[in-house]
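Please work through the exercises below with the sequence and structure at hand.

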Amino acid sequence: MKLPIYLDYSATTPVDARVAQKMIPYLTEHYGNPASRSHVFGWRAEEAVEQAREEVAALVRCEAKDLVWTSGATESINLALKGAAEFYKTKGKHLVTVKTEHKATLDSMRELERRGFEVTYLDVRPDGLIDLNQLEGALRKDTILVSVMFVNNEIGVVQDIPAIGELCRRRGILFHVDSAQATGKCDVDLQALKVDLMSFSAHKTYGPKGIGALYIRRKPRVRLEAQMHGGGHERGFRSGTLATHQIVGMGEAYRLAKLEMAAERERIRVLRDRLLAGLNRMEEVFVNGDLERRVPHNLNMSFNYVEGESLIMAVKDIAVSSGSACTSASLEPSYVLRALGRSDELAHSSIRFTLGRFTTAEEVDYAVNHIQAKVARLRELSPLWEMHKEGIDLNTVQWAAH
Amino acid sequence: MAYSDKVIDHYENPRNVGSFDKGDESVGTGMVGAPACGDVMKLQIKVNKDGVIEDARFKTYGCGSAIASSSLVTEWVKGKKLEEAAGIKNTQIAAELSLPPVKIHCSILAEDAIKAAVEDYRKKHK
């Protein structure tokens, strides 16, 4: 077993060796520009790009023609939100999203607010899921688009995309879904879902970084204003020479996901439950977000009376991320955990564990022992733990906020 | 975030962790910070009849820099008279540990903790 152990698969995944192998010839051998129509180099590259488009389409059950290549989910989200808002602004100027979305969505929405749009940011329930009645109540006559993520990146909860889709379609409102964390983990069926726009990433699903796709429904037709102008590639939605090797990598990664998802998900669920059972043997630990409506890869836990940054520093044998963005100058706890109604203390003391294709039971067991030891040590150092053990209710203490 | 070697040393091997009896006449206790802000420091000093700090203990809930700052000051206050200890400046702590600007508040908290402990002791002996 090699240290440190990687348990941060929701940040990014390694490129599967099979994917890397498939990419290499498109760098050195088949290096043609897929837009070159006059020779075999171009034809060869174009063929590979279209084959990859078919693979991506097959995983999410849409037509290949509905997919546009981008540089990643962040670009897809920017194109979907800004492109739709700008195109449909004569129809209305109101958009709806959720407070726990990824920053790619929240920051794009902020930009649209600066451009004169109005945005409603929905709260979530303590389990991390949105309340459909609240969503329905937020919809207005001038609402043009709703954007909700399929799987939350911090707590892994799965929103009710089918129901939200029905709600939006009935009212003729566009529905965008950020699926960066969903592919290879959840069944994504665009034939059944009433979704108009969906953003994808390769590198969360064992593909390379720097490539993604946007699904743009053609029936009923969704129109967008392009955000990148140039040679009119990708039906004019996204200009720029296609990165053949990256696209081939994404195609292969999605093909493997389709093949192996069912078995992989169950294997990882067993490991995640083993991790959870191990950590649950400790006192004062809490799971953040609903445990049932959640991808099996994710476990987000708060360790009470231990501060998050020192915890991350202590568990140096495992690569995890803190729900707390404490390392930044802002010193703010995770906005996602705060939106669940977690106290600042618990939001400050969270760790996100995300497991993946190459995680082993041995690694999980090591991680459990490592965390138990480190949390115990930090609690020995913690005046809050001492007070808790003395039976003092910390909520009754007058703290000097600084 | 890259920590200095001194921060890592204090974090890995904190000095003088623990607690004295708060009710003891020779003990002064300072508790500063707030859980919601991510830092709470408890610093205790044991003072002899000549007004010299003989021993010190701390417990800290906070980041590595907060733990290191409080560990360091338990070493520094030992052997000092109360007014000398109360004169320790946060800038000295920050300089010793090479704290980056976003962690300066940890050194301020440590300075506050010493002052609070000295204050508590003096209150007991008015």
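Residues are numbered from 1 along each chain as its sequence is written, and chains are lettered from A and ligands numbered from 1 in the order in which they are written.

**Exercise 1.** State the mean pLDDT of chain A.

Solution. pLDDT is the predictor's confidence in each residue, from 0 to 100. Its mean for chain A is 95, and 97% of the residues reach 70 or more. Over residues 324–330 of chain A, however, the pLDDT is below 50. Where pLDDT is low, the predicted coordinates should not be read in detail.

**Exercise 2.** Determine how the axes of helices α8 and α12 of chain A cross.

Solution. Begin with the axes, which are lines fitted to C-alpha atoms over the stretch in contact, with angles from 0 to 180 degrees between N-to-C directions. Those of α8 (residues 244–280) and α12 (residues 361–381) of chain A come within 9 Å and cross at roughly 20°. Therefore α8(A) is roughly parallel to α12(A) (angles under 35 degrees).

**Exercise 3.** Decide whether A:Gly172 is buried or exposed.

Solution. First locate A:Gly172: the loop between α7 (161–170) and β6 (174–178) of chain A holds this residue. Next, apply the cut-offs: 20 or more other C-beta atoms within 10 Å for buried, 12 or fewer for exposed, and partly exposed in between, with C-beta atoms placed from the backbone. A:Gly172 counts as exposed because it has 10 C-beta neighbours inside 10 Å.

Conventions:
Predicted model: local features only at pLDDT ≥ 70, side-chain atom pairs only at ≥ 80, totals over all residues. Helix = DSSP H or I, 4+ residues; strand = E, 2+ residues; numbered from the N terminus. Parallel < 35°, antiparallel > 145°, perpendicular 65-115°, else oblique. Contact = placed C-beta atoms within 7 Å.
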